Amino acid sequence: QLQLVESGGGLVQPGGSLRLSCAQSGTTRDFHAVGWFRQAPGKEREGVSCFSADDSTVYADSVKERFTISRDNSKNTVDLQINNLKPEDTAVYYCGASHRAGLLFRRCPLEDDEYEYWGQGTQVTVSS
């Protein structure tokens with residue numbers, strides 16, 4: 001059974017940095033899109049960044065100056081580096097992945113309903 005497992009969240013002061021990691025366990029698959037999403041209290045889940053099948057990346061406008069998505073092929077993870085954290089970054093961060101054929105030849109979406117595999121999430125709290 002395929003599982004996505006996020007790690008790296010925590011409590012950090014404003015201006016600090018975190019590196020989140022999404023590891024894949026179980027059946028190895030080549031996903032057509034892998035992305036990071038977040039859900040703040042009382043808000044809907046939003047996409048922040050993703051990898052397309054051709055390894056191109058997409059960022060939400062609100063985070064592109066501070067967030068960097070990357071792959072660590074040695075660990076089979078997709079990581080999200082977050083710099084200059086702000087209180088409004090406080091959220092549960094989720095990793096999503098999709099093997100849908102329709103995503104093979106287009107940019108990865110930041111809409112969560114396009115993804116069928118999800119991790120359990122990791123909490124990021126930004127507070128002084």
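How many bridges join strand β2 to β11, and do they run parallel or antiparallel? There are 3 bridges between β2 (residues 10-12) and β11, and the two strands run parallel.

## About the model

This is a predicted model, where local features need pLDDT of at least 70, side-chain atom pairs count only at pLDDT 80 or more, and totals for chains, interfaces and linings use all residues. Residues are numbered from 1 along each chain as its sequence is written, and side-chain values use heavy atoms, with hydrogens and water left out.

Strands here are DSSP runs (E, at least two residues), numbered from the N terminus, and two of them pair if DSSP finds at least two bridges between them.

In β11 (residues 122-126), Thr122, Val124 and Val126 make up the covered face, while Gln123 and Thr125 are on the uncovered one.

## Two disulfides

The structure has 2 disulfides, meaning pairs of cysteine sulfur atoms within 2.5 Å. One joins Cys22 to Cys95, S to S 2.0 Å. This pair ties together distant parts of the chain, with Cys22 in β3 (residues 18-25) and Cys95 in β9, 73 residues apart. Both are buried, that is, under 20% relative accessible area with a 1.4 Å probe, protein chains only.

The other joins Cys50 to Cys108, also with S to S 2.0 Å. Its S-S torsion is about 85°, so this disulfide is right-handed. By contrast, the link of Cys22 and Cys95, at -70°, is left-handed.

Technical notes:
Buried means under 20% relative accessible area, exposed over 50%, partly exposed in between (1.4 Å probe, protein chains only). Helices (H or I, at least four residues) and strands (E, at least two) are DSSP runs, numbered from the N terminus.
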